[in-house]
Amino acid sequence: MSATDRAVPGEGDLTQFGYKQELNRGLSTTDLLIYGLVFMVPIAPWAIYGTVFNEAKGMVPLVYLIGLVAMIFTALSYAQMSRAFPIAGSVYSYVGRGMNPKLGFIAGWTILLDYLLVPTLLYVFAAESMSGIFPAVPKWAWILLFLVVNTAVNYVGISFTAVVNRVFLTAEILFIVIFVVMAVVAIKNGTGGAHVTTKPLFDAENFSAPLVGTALSIAVLSFLGFDGIATLSEESKGGHRSAGIAMIAGLFLVAFFFISQTWLAGMLIPDTTSFPEDEAGNAFFDIVGRISSNGWQIAFLAMNALAVGIANAVAAQSATSRLLFSMSRDGQLPRFLAHINTRSKVPERAILLVAGITLVLGLFFVGQIGLISSLVNFGALTSFLLLHLSVMTYYGVRRRSSNVLLHWVGPIIGFLIIGFVLWNAEAAAKIGGLVWLAIGILVLVYYSRKGIGILPEHRADADGAAPDHATDYQTTGEQKGRA
């Protein structure tokens, strides 16, 4: 391990990129890992189990296994770029510094569609769940309540947010353990015909190539969130490898949770071939009620709503506000969003803006989960394509890396997988995404003509190349492979 790898980032690291340390470096690698897990939600399959079951012909765990294989290439690309540029802008910074500042803006703008709509999607999901428990309370009231709580948590500071993340992750894992115990007992007793079987993982009779494509489109949305870890790079105290380690570890851990829960659920309903459309949304909770009691069913519903409406949404709002902060700091969005609260060390105006936009979108999109999900996928997938290109450009072309596997093969496979899913996205998602992209291009033209610039001259040269000091963030082995 080199001295650079052992060093804990400080203000000097950001100074090399033309910034000063403004955010609070209070997160360990474990905190980043917990943040990523909370963002991806270990209990995420609960709310969509019935829908995925119908689409995958019962092979729900196979969907998540395919998703893990597909997304690991994107996680590896994120890890490579986060080591080279450990700053808050995530894919916006990686593409801008690794390829070209204008393309960096496009990457930031497209993933902004993802980050702005993810909290909206979460609030709508949570409101739907809570309305099932308290039908007399309107859904908009739940959205407003969750929004106020989450904004307050983010406003207090990143250290408090980390505490909230730990509490909710502990609660989610506790409920997973409870379900595992319930399921094992039910399978042992043969409740409702339950028995041990590998059919949920792979059913040769129903497996087909189109099913893999369907699985990929579903799995991409389920694993979104690991990328948000990169937005907290300037608040990490674990070194420049910290974000990459947390992203990859988080992806594998959450995949383990997804696969184990859905495999057990499949064993509990061995004779079920599909769920009626009006029952698919509560399929998992109905399974819980079948092997336990109505009280446990309600408890699982409430845990799902709180995990999505508070913990997951807090993480999403954190990532979005950091992306806005980073783009505004570079003058690509209104600079007032780069303001940092001197006490809590958080981008307070960005947090409040995200809250306001989410409130409007949440009230507008109530009951339109499918449309929101499609648009979220478009924004994330487009930015992921540019991310893979940036790895090949920065490491493979500019730095002439000898690590062909990480800097050529992996990004190419990741690019092809993401491109396949994007190509097969719903028409509504493509239209909405292209409209958003067109607006972004207009914003880019506006700022360019104003002479503000895409990145300050001391952070990138005219052709978009990364500054020479970025070499300080490469490992010794990689340096030996350069010309």
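The buried residues of helix α6 are V91, Y92, S93, Y94, V95, G96, R97 and G98. Eight of the eight residues of α6 (residues 91-98) are buried, so this helix is largely enclosed by the rest of the structure. Buried means under 20% relative accessible area, exposed means over 50%, and partly exposed lies in between (1.4 Å probe, protein chains only). Helices (H or I, at least four residues) and strands (E, at least two) are DSSP runs, numbered from the N terminus.

This is a predicted model, in which local features need pLDDT of at least 70 and side-chain atom pairs count only at pLDDT 80 or more, while totals for chains, interfaces and linings use all residues. Residues are numbered from 1 along each chain as its sequence is written, and side-chain values use heavy atoms, with hydrogens and water left out.

**Salt bridges**

- A search of the whole structure finds four salt bridges; a salt bridge is a side-chain nitrogen of Lys or Arg within 4 Å of a carboxyl oxygen of Asp or Glu.
- One of them joins the side chains of D31 and R166, at 2.7 Å from N to O. D31 lies in helix α3 (residues 29-40) and R166 in helix α9 (residues 158-189), so the pair ties together parts that are 135 residues apart in sequence.
- D31 is buried, with a relative accessible area of 12%, whereas R166 is partly exposed at 38%.
- Another salt bridge links K139 and E128, at 3.1 Å from N to O. K139 lies in helix α8 (residues 139-156) and E128 in helix α7 (residues 101-133), so this pair ties together parts that are eleven residues apart in sequence.
- K139 is partly exposed at 29% relative accessibility, and E128 is partly exposed at 27%.
- R329 forms a salt bridge with E234, and their closest N and O atoms are 2.8 Å apart. R329 lies in helix α13 (residues 294-329) and E234 in the loop between α10 and α11, so the pair ties together parts that are 95 residues apart in sequence.
- Both R329 and E234 are buried.

**The loop between α10 and α11**

- T231 lies in the loop between α10 (209-223) and α11, and T231 counts as buried at 0% relative accessibility.
- A polar atom of the T231 side chain lies 2.6 Å from the backbone oxygen of G228.
- H240 lies in the loop between α10 and α11 and is buried, with a relative accessible area of 4%.
- The C-alpha atoms of H240 and D13 are separated by 9.5 Å, although these residues are 227 residues apart along the chain.

**Positive phi angles**

- Most residues other than glycine have a negative phi.
- V41 has a phi near 65°, a positive value in a residue other than glycine.
- V41 is found in the loop between α3 and α4 (45-55) and is buried, with a relative accessible area of 3%.
- K345 has a phi near 60°, which is positive in a residue other than glycine.
- K345 is found in the loop between α13 and α14 (348-364) and counts as partly exposed at 35% relative accessibility.

**A charged patch on the surface**

- E277, D278, E279 and D286 gather in a patch of negative charge on the surface.
- Patches are made of residues with over 30% relative accessible area and no salt bridge, with like charges joined within 9 Å and nonpolar side chains (Val, Leu, Ile, Met, Phe, Trp, Tyr) within 5 Å.
- E277 is placed in the loop between α11 (242-268) and α12 (283-291), and E277 counts as exposed at 78% relative accessibility.

Notes: Accessible areas come from the Shrake-Rupley method with a 1.4 Å probe; for residues, only the protein chains shown count as cover. Lys and Arg count as positive and Asp and Glu as negative; His and the chain ends are not counted. The place of a charge is taken as NZ of Lys, CZ of Arg, CG of Asp or CD of Glu. A polar contact is a pair of N or O atoms within 3.5 Å; within protein, one must be able to donate a hydrogen and the other to accept it, and residues adjacent in sequence count only if both atoms are side-chain atoms.
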